[in-house]
Structures are given as C-alpha cells and as structure tokens.
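Visitor: I have a model on my screen and want to learn how to read it. Where do we begin?

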Amino acid sequence: MVSSEVTTPPTGPGPVAPARWARWAAAAAFLITGLVLSSYFVRVPSLKIKYGFTDGELGLFFVLPVVTGLVAMQATGNLVARFGSAPIIRVTMLGLPLSLAAIGFAETRWQFALALLAFGIVDGLIDVSMNAHAVTVERALRRPVMNSCHAAWSIGAMIGAALGGLAVKADLSPARHFLLLCGALVVLGLVAGRFLLPAAADRAQGYATAAQPKIRWHEGWTPRIVLLGVTGTVVLVAEGAVGNWGGIFLHDELGASLATASLGYLAFSVFQAGGRLVGDRIQQRIGASRLVRWAGAIAVAGLAIVVLSPLPAVAVAGFAVLGVGMSVLVPLIFSAVGHSGAESGDVNAAAALAKVNTLTYSGMLLGPVLVGWSASGVGLTLTLAGMLALLALTLVTGLRRI
C-alpha cells in the first residue's frame with residue numbers, strides 16, 4: 001500500500017497520507033542539520049581557545065570537513081540509487097549530532113581533525129539525501145514542500161545559535177553543550193526516521209547492472225543542471241557575503257554602531273525564514289516560474305537598496321528585502337534539479353543534486369574570501385555593487401530554466 005503510493009506518477013489521483021507524515025520527517029532532517037551546524041559555528045571561538053590555534057591554523061582545520069563533505073556528496077547519488085534516501089537519512093540524522101559530540105570531546109588536535117573529517121562526511125551525505133527525499137515527497141504529494149523544508153533549516157540554525165549563545169553565557173564547555181544537544185537530537189532523529197518514505201520510493205531497480213549502470217561523477221552534467229548549479233552558486237555567494245560582510249559594510253561604510261551592524265544579518269535571516277515558511281503556498285498559487293522570477297527581482301531590489309543606502313537603517317531594511325527575495329531561490333533551484341534528475345534516465349534526484357551541491361557548496365565557502373580580496377582592492381561598496389550586477393545577470397539567465 002505505502003510503496004504503491006510513493007511510486008505513483010506525479011500527476012493523477014492517488015492516496016498520499018503517508019507522504020504527509022514524510023513531509024514533516026524530511027523537515028526534521030533539515031531542522032537537525034541547521035541546528036547542528038549553527039551550534040558548531042557559534043562555538044568555534046571556544047574551540048580555537050581550547051586548542052590554541054592561530055587564525056591560520058584554524059583556517060587549515062576548517063578545510064577538513066569541506067574536503068570530506070564534497071567527496072561524500074559525490075558518493076550520495078549511488079548510495080541513494082542502491083539503498084534509497086530514507087536509510088541514509090536515518091543514519092545521518094543520528095550521525096551528525098554524534099559527530100558534533102565527538103568534536104566537543106576531542107582532546108588533542110589530531111582527535112579534533114578526525115572528528116572534523118567525520119563531521120564533513122556525514123554533513124555531505126545528509127545534505128544531498130535530505131534534499132533528494134524532499135523531492136520524492138513532492139512527487140508523492142504532487143505539491144511543493146521544499147521551501148518549508150529549507151525553512152526548517154533556517155529555524156534550526158536560529159535555534160542553534162540562540163542555544164549556543166546561552167551555553168556560552170552559562171559557561172558550558174563545548175563537550176557538555178554538544179552532548180546535551182546530541183541527546184535531544186538523537187531522540188528527534190529516531191522518531192522522525194520512522195515516518196520517512198520507504199526506501200523503494202527513490203531506490204533504483206536493478207542498480208549497478210547492465211540495465212541500471214553505476215552513476216559516475218562526471219556523467220549527467222546536462223546544460224540545465226550546469227546552468228541551475230551556477231545560478232545557485234551565485235545566490236549562495238551573495239548570501240555568504242551578507243553573513244560575512246554585511247555587518248562590516250554597515251559599520252565601516254555607513255558608520256553604524258556595532259549593535260546596529262549586527263541587525264543586518266538578523267533582518268536578512270528572519271525575513272528569509274519567513275519567506276520560506278510561506279513559499280510553498282505561494283508556489284501552489286502562482287507556480288514555480290512566476291515565483292522564482294518575482295523572488296529574483298525582489299532580491300536584486302533588496303541588494304540595490306543596501307548598496308545605494310545613505311543610512312544604516314535603510315541598509316538594514318534592504319537586507320530584510322534581500323532576505324525575502326533570496327528565501328525561495330535555493331529551494332526552488334534544488335527542487336527543479338531534483339525533479340530533473342528523477343525524470344532522467346541517466347541520473348537520479350540525489351545524483352543531480354550532488355552535482356549542483358558541489359558547485360553551490362564550493363561557492364558558498366569561496367565567495368566570502370573572493371569578496372574580501374575584492375574589497376581590499378576596490379572597497380566594499382563597489383564590491384557589493386559588482387555582486388549586484390552579477391546576481392541580476394545570473395538570475396535573468398538561470399531562472400528561465402525553472
């Protein structure tokens with residue numbers, strides 16, 4: 001009964017009750033991921049002190065989970081084809097908080113390095129598989145859920161940051177903080193894992209046979225996937241620039257106080273989460289193509305307000321508008337890529353998403369560095385103006401494929 005429901009084509013009538021439960025289970029995976037990552041980020045200063053890192057040494061250690069995460073992403077397509085996305089999510093929903101706890105309990109630099117390597121592997125696996133499962137749920141329900149799943153990620157990130165701040169204020173060590181968090185998230189993962197769609201929902205039949213050959217990393221790079229991947233990369237580069245340089249722009253360029261400067265990213269994050277919470281409903285009413293075009297226009301307008309703002313308050317409002325516009329872009333890009341892969345005979349949804357994730361993940365990490373280099377040469381205002389032009393050009397070109 002359940003299996004027939006989730007393999008029904010995306011058009012026509014059919015029961016979808018189990019998929020409604022799976023929608024919330026998939027959102028739980030996003031929530032856990034956002035919560036774990038933000039909890040880790042907020043304790044980085046504590047970890048730097050614990051191990052006595054210089055800035056350069058800490059930067060080298062940051063590369064470790066990035067490398068293993070990218071490698072794990074390349075393997076996820078074949079793992080989903082063989083086992084389905086649900087078993088991978090069940091394992092990684094437990095593995096991600098456990099690897100976070102391992103980071104907290106590491107005593108030496110070598111142990112810390114090993115924990116970071118494991119953390120990157122699990123993060124790469126869950127990142128691709130949970131987006132692939134969201135696509136499968138969309139096909140089962142015949143309506144969008146990707147925006148609400150990414151909203152769960154944003155909410156998890158805000159909760160994790162808030163709890164991390166409280167942990168620091170309470171003088172909890174990273175080990176105790178991460179252990180308490182791990183206990184709660186493992187319980188959530190165990191419960192949510194029971195309501196995911198069955199493995200057969202997106203597992204390939206006859207995997208690694210002549211009829212269904214193993215997916216190779218260099219195959220399936222269709223023009224549509226490449227274009228959507230580049231578009232998603234530029235979007236995340238802009239998002240990373242807001243997080244890393246928005247406060248500096250408000251403080252250094254517009255003369256805002258440190259307290260006011262912190263409001264830029266806060267406004268962006270709150271309005272981004274709000275946009276994602278209503279994004280699925282709007283998509284059902286006006287369609288993905290119209291929504292993504294309106295959202296792209298709003299995002300460009302928001303960044304233009306920031307660049308042209310004469311006052312910090314105006315720039316903060318611009319960051320809020322930018323958050324609204326950016327809120328649905330990445331979820332809609334991932335959804336389009338996943339459905340394209342699911343309907344393709346060459347790759348599955350997870351394999352297609354892995355390719356796009358490789359581009360976007362790399363861009364998100366390298367973007368703030370490139371912005372810094374540019375800002376040191378021509379100034380931050382001109383750098384953001386250049387990013388505005390790049391974002392507008394990319395969205396006009398790439399969003400036509402959604």
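Guide: Begin with one term. A polar contact is a pair of N or O atoms within 3.5 Å; within protein, one must be able to donate a hydrogen and the other to accept it. Now the case here, in a predicted model. The side chain of Ser-148 makes a polar contact with the side chain of Asp-280, at 2.9 Å.

Visitor: Where does Ser-148 lie?

Guide: Ser-148 lies in helix α7, residues 146–169.

Visitor: Is Ser-148 buried or exposed?

Guide: Buried means under 20% relative accessible area. Ser-148 has 15%, so Ser-148 is buried.

Visitor: Which residues does Ser-148 touch, not counting those up to four places away in sequence?

Guide: Ser-148 touches Arg-23, Arg-276 and Asp-280. Asp-280 is also the polar partner.

Visitor: Let us step back. What is the secondary structure of the protein chain?

Guide: The protein chain has 16 helices and zero strands. The chain has 402 residues, and 53% of them count as buried.

Visitor: What does the accessible surface come to?

Guide: About 17400 Å² for the protein chain. Carbon and sulfur atoms hold 70% of that surface.

Visitor: How do I read contacts along the sequence?

Guide: Look at the separation. Take the contacts in the protein chain with a separation of 6 or more: residues 24 or more positions apart account for 84% of them.

Visitor: How do I read confidence?

Guide: pLDDT is the predictor's confidence in each residue, from 0 to 100. The protein chain averages 85, and 89% of the residues score at least 70. Over residues 1–16, pLDDT is below 50; that stretch has 24 contacts in the model beyond near neighbours in sequence. Residues 207–211 also stay under 50, and the model has seven contacts for them beyond four places in sequence.

Visitor: Which residues of α8 are buried?

Guide: Among them are Phe-178, Leu-181, Leu-185 and Val-186. The buried residues of α8 fall within an arc of 155 degrees seen down the axis, so they line one face of the helix. The face turned away from that buried side carries the exposed residues Arg-176 and Leu-180.

Visitor: And α12?

Guide: Its buried residues include Leu-291, Val-292, Leu-303 and Val-306.

Visitor: What follows α12?

Guide: A loop between α12 (288–308) and α13 (312–327), where Ser-309 is found. Ser-309 has 7% relative accessibility, so Ser-309 counts as buried. A polar atom of the Ser-309 side chain lies 2.7 Å from the backbone oxygen of Val-306. Leaving aside neighbours within four places in sequence, Ser-309 is in contact with Phe-249, Leu-254, Val-314 and Ala-315.

Visitor: What about a residue in between, such as Tyr-265?

Guide: Tyr-265 lies in helix α11, residues 263–286. At 41% relative accessibility, Tyr-265 counts as partly exposed. Beyond neighbours within four places in sequence, Tyr-265 is in contact with Val-242 and Gly-243.

Visitor: How far is Tyr-265 from Trp-245, in sequence and in space?

Guide: They are 20 residues apart in sequence and 9.2 Å apart in space, C-alpha to C-alpha.

Definitions and conventions:
Residues are numbered from 1 along each chain as its sequence is written. This is a predicted model: local features need pLDDT of at least 70, side-chain atom pairs count only at pLDDT 80 or more; totals for chains, interfaces and linings use all residues. Side-chain values use heavy atoms; hydrogens and water are left out. Helices (H or I, at least four residues) and strands (E, at least two) are DSSP runs, numbered from the N terminus. Buried means under 20% relative accessible area, exposed over 50%, partly exposed in between (1.4 Å probe, protein chains only). Contact means heavy atoms within 4.5 Å. Accessible areas come from the Shrake-Rupley method with a 1.4 Å probe; for residues, only the protein chains shown count as cover. The arc is that of the directions from the helix axis to the C-beta atoms.
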